[in-house]
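Have the sequence and the 3D view open as you read.

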Amino acid sequence: MLQTGLIPNAHNDLVTDASYDFYGLRLATCSLDQRIKIWQLDERQGSWSVEDDWKAHDAAVTKVSWAHPEFGTIIASSSFDRTAKVWEQTSYADADPQLNGASGSASSSRWVERVVLADAKSTVRGVEFAPPGFGLKLATISSDNHLRIYECFEQPSLSTWQLSEEVDVLALPTATPTGTSITQTVTLSTPTQTSSGLDGAALSLAGHIASQQQQQGQTPARPGLGNREADGGWCISWCKDRYWGELIAAACGVNSTVKIIQLSPSRRPSNVLSLDPSPPTRSFGADTGSRSPAVGTDNDGPTPYSITSVAWAPSCGRSYHLIATGSRDGHVRIWRVKPPTPPDEMEQDEGENDEGTWSATIVGDFDDHKSSVGRVEWNITGTILSSAGNDGRVRLWKATAGNVWRPAGHISVEQAEEQRPDVDMDENAVAD
């Protein structure tokens, strides 16, 4: 059974993100009001009470992320002020009112600002700590289309963070499964990108493409298709499985492609696979309903919409990975990503994935939200996916015994008449 709770008037403005800690007993929220709040769960009553509240940035806060508890009580935040910050909880006696950003008295916040990361040339849209097996590392994605990886070398003080990688995601070569056609995407400079990285030739090419689209009447039908920053999406998610090294899924800009980036200390970051749901033609599986990109001859494929959220599921011993995406076209997609066959098993599985490359198929594609999807998130075992959309509903997705993904329930913000307070997770589907 799934029980719901409500935190009324959590912030003075729109809540942009919410993140549970490792134990699920504390909740960090951020908002357009530039503040971060930490909530504590009362397990007996099932209610949430605010524990800390402070002004964290000089502009809207976009994301918050908890570090693994083995490193301490640490969160990171990103903001439209082009910075990412790392905060650590301390006792009241140790808190420095000059550091924690609290607008009230010295006791109004116990969170100390440890470092300000100001390398981004534009708004920082996403932030996420790496799995603990890789050390205390932090990834950020900003609307300048750069993925940045920071590593802390002084964990007791958290004061020294080094920028270990800086990757232009759009500039990485597009890697794709065999037989997939890719459409090249050019992103125009946005109002917040005052120092755009486009040179004269690229800018003229982008202008030429934009003028062609206008001549052909290809104007954006609704938000999500266009070249403005408001139409874009920037999101990241780490691979939780340590076996394959440091992998991170990243999406940026106004295209619909998610790139899986391999990070290595011995070589430059590389794109091992691109997840693009909009090739010209698709082939449909007969037994599971899965869909995989295929070669096509026409160019009337679906229009790409920006990816607003990406979530890499915990593997939990599976031989493949599950990656979920949400986009502005209202679709929630679940990708089954198959890693290359290990060399010692290459002879045994010669007929399957014999090229030793990454491959992916779509095993679930849902448009139940009928509006932009703001967030997708997996449970701790990677068996249930939740999605939130502009339709005011949180929807749940679960695989059946035949490995077919189906709706498992939904929670309405307005508590529609047909919606019960508790959702039975054993139901295969819940009608809207």
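What you see is a predicted model, where local features need pLDDT of at least 70 and side-chain atom pairs count only at pLDDT 80 or more, while totals for chains, interfaces and linings use all residues. Residues are numbered from 1 along each chain as its sequence is written, and side-chain values use heavy atoms, with hydrogens and water left out.

So what is the chain built from? It has one helix and 26 strands. Of its 432 residues, 48% count as buried (buried means under 20% relative accessible area, exposed over 50%, partly exposed in between, with a 1.4 Å probe and protein chains only).

**Two loops**

Gln-34 sits in the loop between β2 (26–31) and β3 (35–42), while Asn-403 sits in the loop between β25 (393–399) and β26 (405–412).

**The cores**

A nonpolar core is a set of buried Ala, Val, Leu, Ile, Met, Phe, Trp, Tyr and Cys residues joined through side-chain atoms within 4.5 Å. The largest one here has 18 residues, and Ile-260, Leu-275, Ile-323 and Val-337 have the most contacts inside it. Strands that each supply at least two residues of this core include β14 (246–251), β15 (258–264) and β16 (267–275). Apart from this core lies another, of 17 residues, with Ile-149 and Trp-234 among them.

Now zoom in on Val-337. Leaving out residues up to four places away in sequence, Val-337 touches, among others, Ile-260, Leu-275, Tyr-320 and Trp-358 (a contact means heavy atoms within 4.5 Å).

**Aromatic rings**

Rings of Phe, Tyr and Trp (its six-membered ring) pair if their centres lie within 6.5 Å; planes under 30 degrees apart count as stacked, over 60 as edge-to-face and the rest as tilted. By this rule, there are 10 aromatic pairs. Trp-378 and Trp-405 have ring centres 5.7 Å apart and planes at 75 degrees, so this pair is edge-to-face. The two are 27 residues apart, with Trp-378 in strand β23 (residues 373–378) and Trp-405 in strand β26.

Are these two tryptophans buried or exposed? Trp-378 is buried at 9% relative accessible area, and Trp-405 is buried at 5%.

Key: Helices (H or I, at least four residues) and strands (E, at least two) are DSSP runs, numbered from the N terminus.
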